[in-house]
Amino acid sequence: MTDFTSFSALRSACLDLPSGYPAASAAVAQREAVLTKPPGSLGRLEELVGWLAHWQGHAPPRLQRVEILVFAGNHGVAGRGVSAYPAAVTAQMVANFAVGGAAINQLARTAGAQLRIIPLALDRPTADFTQAPALAEEEFLATVTEGYNAVSPACDLLGLGEMGIGNTTAAAAISAALFGGGGARWAGRGTGVDEEGLARKRQAIDEALARHAAVLREPLAVAAALGGRELAAILGATLAARRRRIPVVLDGFVCTAAVAPLSKLRADTLGHALSSHVSAEAGHRMLLDELGLRPLLDFDMRLGEASGAALAVLVLRAALACHTGMATFAEAGVSDKPAADDATAAAAS
């Protein structure tokens, strides 16, 4: 079990990261080159198998144990009317997850993934970050630690998601703090706020940036001051996965904003992370561009709760099935030479 007791200790862990296994991804590429298809014709499906192998160290990679973690937290800033739903919905949705009634329950089951829901002090919302840091250093570090320790070392693939009324405001504030611009650039409609709600959201972000201006150059302090418990836990889980060489599938805007401080600390931190989709939330595509992450899907989704991550697992399973199930040219008795090469060889003989 890991316990981060200071920003310094956490920062050190964020900077001391293992690399992947290039020999495993090279072995995948060698097999892809002799499968019964034109070279590269499966596009990103081929890249995805190589990515899995690179971080797992297995060729072929495996998807026997896929886990999806959904962290839930409440936000003090929700009291400023930045969401179309009341804060009580967070706990209500956690209860719905528990009985299998949410979208993620159906998607995780279909994807063959073990789903775990982790509520984080839902009875204690974070502070309103326009008035104080959302989380004090001690609680932020404790929550990062909880997320870190939630990751099973035996996991083949980890999907991450969240639930928390008000958390797109936190995500937009973190994005603005790390990459510039205020509420007007980063705030979107989240759960569906009207024009007045959107204006309140933008104002809350701008007020928070002004109040916490002194810490905006420190990514971990930004995550504590402007984030929330579920975002801190996602940061911790993503860090744990990198340090244990477990590939990660991120969900939408909130999930991406939660891990953005890791990338600001060390640019290659998210090499083990796949962006499952680009959501309909206004700032998500901009944030993915800032982080150099290429989304796998674009379905206009904006639900959260790891729904996009679960869909991406299905694509990864399809990619792996092609890699392991297809015959090679030699096995199938199919010529691996283009017609022009055959004609040249015939002329030469």
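Leaving aside its neighbours within four places in sequence, which residues is threonine 143 in contact with?

Modeller: Happy to! This is a predicted model, in which local features need pLDDT of at least 70 and side-chain atom pairs count only at pLDDT 80 or more, while totals for chains, interfaces and linings use all residues. Residues are numbered from 1 along each chain as its sequence is written, and side-chain values use heavy atoms, with hydrogens and water left out.

With neighbours up to four places away set aside, threonine 143 is in contact with Leu120, Arg229, Ala232 and Ala233; contact means heavy atoms within 4.5 Å. Threonine 143 sits in helix α6, residues 137-149 (helices are DSSP runs of H or I, at least four residues, numbered from the N terminus). At a relative accessible area of 5%, threonine 143 is buried, a term for values under 20%, with exposed over 50% and partly exposed in between (1.4 Å probe, protein chains only).

Now for the cores. A nonpolar core is a set of buried Ala, Val, Leu, Ile, Met, Phe, Trp, Tyr and Cys residues joined through side-chain atoms within 4.5 Å. The largest has 75 residues, and Leu10, Phe71, Phe140, Leu158, Leu160 and Leu226 touch the most other members. Residues up to four places away aside, leucine 10 touches Phe4, Phe140, Leu141, Val144, Leu220 and Leu239. Another core, of 40 residues, lies apart from the largest one and includes Ile68, Val249, Leu274 and Leu311.

How values were computed:
Helix = DSSP H or I, 4+ residues; strand = E, 2+ residues; numbered from the N terminus.
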